[in-house]
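Keep the model open while reading.

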Amino acid sequence: MERNELYPIFLKVSNLNVLIVGGGNVGLEKLTFLLKSSPNAQVQMVAPEFLPETLALAQKHSVEITKAEYNADFLDGKHIVVACTDKVEVNEQVYHDCRKQSILVNVADNPPYCDFYMGGIVTKGNVKVAISTNGKSPTTAKRLRQFFEDVLPENIDDLVKNLNSYRDTLKGNFEEKVEALNEFTKGLLDSKENEKN
């Protein structure tokens, strides 16, 4: 069986500079996806033209809109780039420019030209679950996202906050605190197993 070897991380995109190259439907989709998860993301979008919906969303979230053709100068100071124009040669140029500067890049709908994928995300308060299909099936990621949105209880954020407060009261070294938290939360899995039986 093929194995997904991607390493999942959660980026603080409010501390990073993100560039989206493209102002069409896919650019709007990528911007919407990013801002839904991280409303304070630092984003610049570059394209000769933008959809009205993109401009409205950008204004709401202080996204910098630049009406211009892409060139490598736009990569200055960027940490992450998403290329999603309708021109394959432009997207591939963005990829090669990013690789020269060691900037993480995602070329929409072109897995070989991606350092990362933008998978399905479920957020309930402080709890966030990311789903990846290794770039093979965004539709499956979408269905799994819908499944986890239904399965995760609405009060899971209260549980996280309570556990954080409990952790602050614990004494001892790191290992002792982890052991106490593991013992305290063991009942969560036990109660789920009992519900199944």
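Two strands pair if DSSP finds at least two bridges between them. Helices (H or I, at least four residues) and strands (E, at least two) are DSSP runs, numbered from the N terminus. This is a predicted model: local features need pLDDT of at least 70, side-chain atom pairs count only at pLDDT 80 or more, and totals for chains, interfaces and linings use all residues. Residues are numbered from 1 along each chain as its sequence is written, and side-chain values use heavy atoms, with hydrogens and water left out.

Start with strand 1 (residues 17-21) and strand 2 (residues 42-47). They pair in the parallel sense over five bridges. Val18 stands opposite Val43 in strand 2. Strand 4 (residues 80-83) and strand 5 also pair in the parallel sense, over four bridges. Here Ile80 faces Leu104 in strand 5. From strand 4 the chain crosses through helix 3 to strand 5, and this β-α-β crossover is right-handed (with the strands pointing away from the viewer, the path from the first strand over the helix to the second runs clockwise).

Five strands form an open sheet in the order 3-2-1-4-5, with parallel pairing. Strand 3 (64-67) and strand 5 stand at the edges, each with a single partner strand, so one side of each has no neighbour in the sheet.

What packs together? A nonpolar core is a set of buried Ala, Val, Leu, Ile, Met, Phe, Trp, Tyr and Cys residues joined through side-chain atoms within 4.5 Å. Buried means under 20% relative accessible area, exposed over 50%, partly exposed in between (1.4 Å probe, protein chains only). The largest nonpolar core has 19 residues; Ile20, Leu31, Val43, Met45 and Val63 have the most contacts inside it. Helix 1 (25-37) is among the elements that give it two or more residues. The largest share, four residues, comes from helix 1. Apart from this core lies another, of 15 residues, including Tyr70 and Val94.

Last, the rings. Rings of Phe, Tyr and Trp (its six-membered ring) pair if their centres lie within 6.5 Å; planes under 30 degrees apart count as stacked, over 60 as edge-to-face and the rest as tilted. That rule gives two aromatic pairs. Tyr95 and Tyr113 have ring centres 4.6 Å apart and planes at 75°, so the pair is edge-to-face. Both Tyr95 and Tyr113 are buried. Phe147 and Phe148 form an edge-to-face pair, 5.3 Å centre to centre, with 70° between the planes. Phe147 is partly exposed, at 46% relative accessibility.
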